Amino acid sequence: MCTITGITEAESCVEAIGGIKALYLAEFSSLGFTIASKKVTAVTGALKKFVMIKNATAFANNPGERTSPRLHRYNTEIFAQFGESDEAADALDDLKACCKLVAIVLFENGNVRLFGVQFTSAAKTALEVSAVEMVATSSDLSDVSTAESRTELRLTAQSKNIVRGLNSALTEVVLDALVA
């Protein structure tokens with residue numbers, strides 16, 4: 001059974017200039033999407049919010065790969081670190097049972113991207129689960145210093161195209177209102 005529990009990290013003294021501000025997760029089947037002009041303009045359903053340590057390590061990448069002359073895919077990798085706590089470890093461990101995850105990433109500059117989904121056609125009017133479903137891998141790591149102890153989340157998927165959110169419609173306030 002898939003259990004998704006949000007995580008909120010206490011503010012650290014290190015300020016991040018760019019990168020990921022927050023990560024929202026849900027299973028595809030629990031969400032609805034409104035699309036206009038090839039962008040997601042609204043999301044319905046319940047999200048869980050993950051706010052990671054602000055140490056400039058979080059990223060969401062979608063590098064392209066051409067596996068044959070006619071086949072192009074985006075290999076999604078999202079990475080985030082959280083403090084070492086039972087809450088964080090349990091929340092990340094629970095994600096292992098989830099498949100068909102959707103990640104909505106809010107970047108510090110206000111941009112929004114959706115991962116784990118892809119458009120069903122070139123018309124970009126509907127979404128489906130990405131070609132290779134998004135899955136989570138969690139790690140619980142420690143080092144010689146308690147400052148180095150942490151839990152980590154890595155989300156991976158493969159999709160046919162990039163899905164953007166309409167920045168003016170999918171704001172942090174709007175996304176936070178969906179957090180349950």
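These legends accompany close-up views of a predicted model. Residues are numbered from 1 along each chain as its sequence is written, and side-chain values use heavy atoms, leaving out hydrogens and water. Because the model is predicted, local features need pLDDT of at least 70 and side-chain atom pairs count only at pLDDT 80 or more, while totals for chains, interfaces and linings use all residues.

**View 1**
A salt bridge here is a side-chain nitrogen of Lys or Arg within 4 Å of a carboxyl oxygen of Asp or Glu. How exposed are the partners? Lys21 is partly exposed at 29% relative accessible area, as is Glu172 at 24%, whereas Lys49 counts as buried at 15%. Buried means under 20% relative accessible area, exposed over 50%, and partly exposed in between (1.4 Å probe, protein chains only).

**View 2. Glu77 and Arg154 meet in a salt bridge.**
Their side chains come to 2.2 Å, N to O. Glu77 is in strand E8 and Arg154 in strand E14 (residues 150–159), so the pair ties together parts that are 77 residues apart in sequence. Both ends are partly exposed, Glu77 with a relative accessible area of 27% and Arg154 with 32%. Elsewhere, salt bridges that share partners join Lys21, Lys49, Glu172 and Asp176 into one network. In the whole structure, a search finds seven salt bridges.

**View 3**
Rings of Phe, Tyr and Trp (its six-membered ring) pair if their centres lie within 6.5 Å; planes under 30 degrees apart count as stacked, over 60 as edge-to-face and the rest as tilted. By this rule there are three aromatic pairs. One is Phe50 with Phe82, whose centres are 6.2 Å apart and whose planes stand at 65°, so the pair is edge-to-face. Phe59 and Phe79 form a stacked pair, 5.5 Å centre to centre with 25° between the planes. Phe59 is partly exposed at 26% relative accessible area, and Phe79 is buried at 8%.

**View 4. Ser168 sits in a loop and is exposed.**
You will find Ser168 between strand E15 (163–164) and helix H2 (172–176). Its relative accessible area is 63%. Which distances separate Ser168 and Thr41 in sequence and in space? The two are 127 residues apart in sequence and 8.5 Å apart in space, C-alpha to C-alpha.

Terms used
Helices (H or I, at least four residues) and strands (E, at least two) are DSSP runs, numbered from the N terminus.
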